[in-house]
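Good morning, and thank you for making time for this presentation. I would ask you to keep the sequence and the model in view while I speak.

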Amino acid sequence: MIDTLASGQLLFAALALGATYALVALGLNLVYGTMRLLNVAHGDLVMLGGYITYWAFALGGVSPLVSLLGTAVAAALLGVLAYRLLFRAMLGARGTGPRVEANSLLLFFGLSIVVQNLAALIFSPTPRGYEYLSDVLHFGNVALTGNRLAALLVAAALCLAVVLFLRWHTMGLAMRALMEHREAAAVVGVDIDRIQLASFAVGFGTAAVAGALVSMTEQVSPFMGFPFTVAAFVVIVMGGLGRLEGGMAAAFALGLLETYGVALTSTNWRSILLYGTFVALLLARPQGLFGRPAVMR
Amino acid sequence: MSIRRSIFNTVIASAFALALSLDTSLAQGAKPVRIGFSIAKTGIFASAAPSQLNAYELWREQVNARGGLEIGKEKRPVEFVQYDDQSNPGQAAKIYEKLITQDKVDLLLAPWGTPTHIAVAPVLERLKFPMVGNTAASSKLRELKPGYIWFTTAAIPDRIGKELAAMLKENGVKSVALLTNVLPFSKEIKGFLEPALKSAAIAISVNEEYPPDVKDMTALLTKVKQANPDAVLALSYPSDSPLYVRQAKELGIGAKFQFVLIGPTIDFFPKLLGSAANGIVTVGEWSPARNARAKAFYDTYVAKFKEKPDYLDSSLSFMSCEILEQAVKTAGLDRSKLRTAIAQGRFETINGAVKFKGVENTVTKTGFLQIQDGEVQQVWPASVSTAKYRPKTSW
């Protein structure tokens, strides 16, 4: 047992899981953080990313790591469209408040059903898969398949890039300002419309990239998105809604909990451990691990 | 705007014209036979149901190409009446009631999945409408009152448990790791497999269950690797079967007998896993090498849908169509006569002869398939096998 826990194998598994969770949750958190929109169709963007990658590979023989950029751009454009056509008016009319959260939840829920069923019509509900980088690599006593390693590296790099962007880039700083205090950001001259548009683009794009990475190891199907939506919500609520770094930390914490928790108990305890911890944490810290208690404004 | 509108109008008009022309072409021939069913187009079974629907569509196309369904001396084209049951068995029961009482269909085909068949059975019983079931497998099916529903499958958990233990014993397996997804079909098999393994003197060195939403099996498979059993029996579902294979390959699990319950015969499985899928044993009682009908079914299916049929669900679904076709040929559309014809007849299918006793197909043997060099072969039982079982020596 000690051998198992101390081996790098479990650590790699935990990191690989955590990185996927972090990347999927990132976009959801960004869209929520800047606009208070609850995108329950987020997992469906993961699905779309998976399909774009699959078709690029199956029809054109394009390596998933190459098509990644195109996938991200396509999803970002979809984000721009969704923002322009569906959400700008809603946000403009009523600003941010509990009503926007509730309305966005319903609107995204409807979108999710439409997207899933359109995908089923166009791609057929049959699951699809392709083999890519499936050779096993050995590092000391740790064995890992190339596709999982690639997924881990790309996801981690992208998370890091977004964090740096938010820290150092003017637009990133403006996004943070919007997350911290919307009205104050407007007062100091942040172009709210432009920042919201960018958040949609980045949020949708990163979700699709997560889908591209997932498709290297798992089959894609029109209804694969929902579990990712749930996982992303757990991550961002645990990390503190709208706290990007908090969400990433929570994602890796969940990855560790899922692999080591299961190793110490039994695989059957997986969901109980994850959701039990989630509920317990919310009872103890309703604002999440890294969130601040709500203040009256 | 006006140009757009006129394009729109043209499209609508031509759609109507097309619909009318289709309508008249049907009206010129004999009156179509309307066959109703519900299908899981959305919801949790949606990714599994195409293997069934494709088989139905292929059958309809072939029957219509032959001039229609033979009813006595007459041939009538087949027309489907189908509704999405959203993978909801309760909804399916309502749909079958509607199909029978309001749509007044002539015949019925089955919905997808065990719970759906069980939900529909009382409706058939009450409205006295016979239906040949297909994609359902549970020992509980035998508890259904026989008379209006029959099942083409031989993959019933008690029979699987017994046969798998026998196959393991014959291949010198002394110890197994048993990994079970906690869903009904796999749990039921586990319940029958454990005593069968015990009486075959095969030790269960690891016996673990896992939830359907499992995302990582590293810890579980590390235990399996340490126990080093002769066989791993993964009682898994399509969503987690690839996860098992991927991570077993990653950790280099050396068991020569690798059994994976549901997934290996679905088209995406070998595409996703490549050589790692080679040598995997799975449940299944049909292969294209069975007979000439089976080969023809396989070839036309692949040509039409550009993917392989599911060895279990597609073949079972097609068999139920063949049985219905042969029963209607002799009994016509009279439900009482049709019921007797199905219950007492002997049918030729893509999986050889079929005859029912109660609700169960007692001719087809419960068996196992193995992926060998990318081809799926029947390796158990010997009487119907198309190739010999080969130990899995590499991932």
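Let me begin with a term: a salt bridge here is a side-chain nitrogen of Lys or Arg within 4 Å of a carboxyl oxygen of Asp or Glu. Please also bear in mind that this is a predicted model.

With that cut-off in hand, consider chain B and the side chains of B:K187 and B:E209, which meet in a salt bridge with an N to O distance of 3.0 Å. This pair links distant parts of the chain, with B:K187 in helix α6 (residues 184–199) of chain B and B:E209 in strand β9 of chain B, 22 residues apart. Are the two partners buried or partly exposed? B:K187 has a relative accessible area of 37% and is therefore partly exposed. B:E209, by contrast, is at 16% relative accessibility and so counts as buried.

How many salt bridges are there over all chains? The count comes to 25. I shall take up a few of them.

One of these pairs crosses between chains. B:D216 forms a salt bridge with A:R148, and the closest N and O atoms are 3.3 Å apart. On one side, B:D216 sits in the loop between β9 (203–210) and α7 (218–227) of chain B; on the other, A:R148 belongs to helix α6 (residues 146–168) of chain A. Both B:D216 and A:R148 are buried.

Within chain A, A:R88 forms a salt bridge with A:D193, with 2.9 Å between the closest N and O atoms. A:R88 lies in helix α4 and A:D193 in helix α9 (residues 192–215), so the pair ties together parts of chain A that are 105 residues apart in sequence. A:R88 counts as partly exposed because its relative accessibility is 33%. A:D193 falls into that class as well, at 30% relative accessibility.

Finally on this topic, chain B also holds a network of salt bridges that links B:R142, B:D158, B:R159 and B:E360.

Let me return to helix α4 of chain A, which spans residues 64–94 and includes A:L78. With a relative accessibility of 36%, A:L78 counts as partly exposed.

I turn now to chain A as a whole. Chain A has 12 helices and 2 strands. Of the 297 residues in chain A, 55% are buried. Among contacts in chain A with a separation of 6 or more, 76% involve residues 24 or more positions apart. The accessible surface of chain A is about 12,600 Å², and carbon and sulfur atoms account for 72% of that area.

My last topic is a sheet in chain B. In what order do its 3 strands run? The order is β4-β1-β5, in an open sheet with parallel pairing. The edge strands, each pairing on one side only, are β4 (78–84) and β5 (107–108) of chain B. Strand β1 (residues 33–39) of chain B pairs with β4 of chain B in the parallel sense over 7 bridges. As for B:G36, its bridge partner in β4 of chain B is B:V81.

Technical notes: Residues are numbered from 1 along each chain as its sequence is written. Chains are lettered from A and ligands numbered from 1 in the order in which they are written. This is a predicted model: local features need pLDDT of at least 70, side-chain atom pairs count only at pLDDT 80 or more; totals for chains, interfaces and linings use all residues. Side-chain values use heavy atoms; hydrogens and water are left out. Helices (H or I, at least four residues) and strands (E, at least two) are DSSP runs, numbered from the N terminus. Buried means under 20% relative accessible area, exposed over 50%, partly exposed in between (1.4 Å probe, protein chains only). Two strands pair if DSSP finds at least two bridges between them. Contact means heavy atoms within 4.5 Å. Accessible areas come from the Shrake-Rupley method with a 1.4 Å probe; for residues, only the protein chains shown count as cover.
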